[in-house]
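Welcome! Take a moment to look over the sequence and the 3D view, and then follow the short tour below.

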Amino acid sequence: MLTNNNNKVMVVEAEEGGAGGGGGGGEFDHLPEGCIANILSFTSPRDACVLSLVSSSFRSAAQSDVVWERFLPSDLHAMVSQSSKPLSYSSKKELYLHLCHNPLLIDGGQKSFALDKPSARKCYMLSARSLSIVWGNTPRYWRWTSVPATRFWEVAELVSVCWLEIKGGIKGRMLSPNTLYGAYLVFKQRSGGAYGFENQPVEVSVGVAGEGESRRRTVYLEAATPRRPRHQIVPRIFSRVRSRFLDSFDAAPPPPSRVDDSAVGGEHPKERDDGWMEVELGDFFNGGGGGEEEVEIGVYEVKSGEWKGGILVQGIEIRPKNKN
């Protein structure tokens with residue numbers, strides 16, 4: 001039988017062997033293909049592909065433009081019109097898969113748009129040029145350069161700064177409604193390496209403007225490495241003498257050191273399939289009210305005063321957080 005649960009259609013075998021023992025659709029094969037296609041259009045792309053295995057009728061219906069038209073965003077035409085690169089496709093499924101694997105440059109090349117393959121939710125990347133970078137147009141601190149294997153014509157190269165501040169934003173109406181999104185800084189070290197980021201916490205924030213303070217957390221912009229001891233190494237003999245000297249006093253133990261909770265569990269970057277690195281800056285739920293609310297995203301290392309440099313910033317990616 002067919003059951004509908006939260007707009008998800010599932011095929012449930014009425015009894016053991018109800019599929020005919022050979023993968024056939026049984027009673028479903030008697031439904032018109034258009035009816036099956038309409039049913040599949042209320043599922044997700046992942047479910048449609050799974051259900052295409054039920055029978056030949058389902059497989060044929062799962063290729064229908066009726067199904068994949070429903071998975072494409074309603075404002076796709078407006079986004080495609082912003083791109084200078086024309087799209088060529090023979091079916092709506094081919095168009096869908098193309099947008100999953102080939103991000104579309106929009107907004108004059110300042111952003112990229114793609115679809116999340118399992119869920120059909122919208123994904124964006126804000127280019128470095130579309131971000132607000134303190135001293136970003138001062139060549140002494142930042143320079144703009146072209147590198148291979150990037151979505152955009154140029155990326156921001158950090159030369160050297162003691163005040164790192166990067167901010168960006170996106171309107172909630174651009175995103176898919178009722179979706180939990182994550183924001184990720186996409187970057188990598190330049191060929192000569194980076195400096196000033198080792199074990200250096202970086203404060204990041206994500207939140208909707210006008211809805212109180214953004215949630216802040218701590219991340220790192222270098223891969224996890226063992227911490228180096230900060231104490232001075234002294235000769236072993238002196239250490240033994242010092243230990244006997246201190247043992248002669250009945251001193252109270254020192255108070256426990258304070259731990260910065262914001263630094264505990266600070267996330268380190270991970271390598272992406274495209275060769276770049278990314279670190280999660282935070283997440284937010286887009287309710288999809290259709291208003292002009294803006295999601296604000298920030299990256300800050302302004303407290304240490306240490307000079308740092310040697311990274312290339314491609315942008316900030318905003319994509320659904322899929323549950324595995």
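**Charged pairs and a sheet**

Lys321 is partly exposed, with a relative accessible area of 27%. Please keep in mind that this is a predicted model. Lys321 forms a salt bridge with Glu280, and their closest N and O atoms are 2.8 Å apart.

**The Glu280 and Lys321 pair**
- This pair links distant parts of the chain, 41 residues apart: Glu280 sits in strand S14 (residues 277–286), and Lys321 in the segment after strand S16 (311–320).
- Glu280 is buried, because its relative accessible area of 13% falls under 20%.

**Other salt bridges**
- The count of salt bridges comes to 21.
- One of them joins Glu69 and Lys92, with the closest N and O atoms 2.2 Å apart.
- Glu69 belongs to helix H4 (residues 65–71) and Lys92 to helix H6 (residues 92–101), so to speak two distant parts of the chain, 23 residues apart.

**The open sheet**
- Five strands make up an open sheet in the order S6-S9-S15-S11-S12, with antiparallel pairing.
- Strands S6 (132–133) and S12 (215–219) are at the edges with a single partner strand each, so one side of each has no neighbour in the sheet.
- Strand S11 (residues 202–208) pairs with strand S15 (residues 294–301) over six bridges, in the antiparallel sense.

**Glu203, where both topics meet**
- Tyr300 in S15 is the bridge partner of Glu203.
- Glu203 also forms a salt bridge with Arg216, the closest N and O atoms being 2.7 Å apart.
- Glu203 lies in strand S11 and Arg216 in strand S12, so this pair ties together parts 13 residues apart in sequence.

Terms used
Residues numbered from 1 in each chain as written. Predicted model: local features only at pLDDT ≥ 70, side-chain atom pairs only at ≥ 80, totals over all residues. Heavy atoms only, no water. Pairing = 2+ DSSP bridges. Helix = DSSP H or I, 4+ residues; strand = E, 2+ residues; numbered from the N terminus. Salt bridge = Lys/Arg side-chain N within 4 Å of Asp/Glu carboxyl O. Buried < 20%, exposed > 50% of the residue type's maximum accessible area, 1.4 Å probe, protein only.
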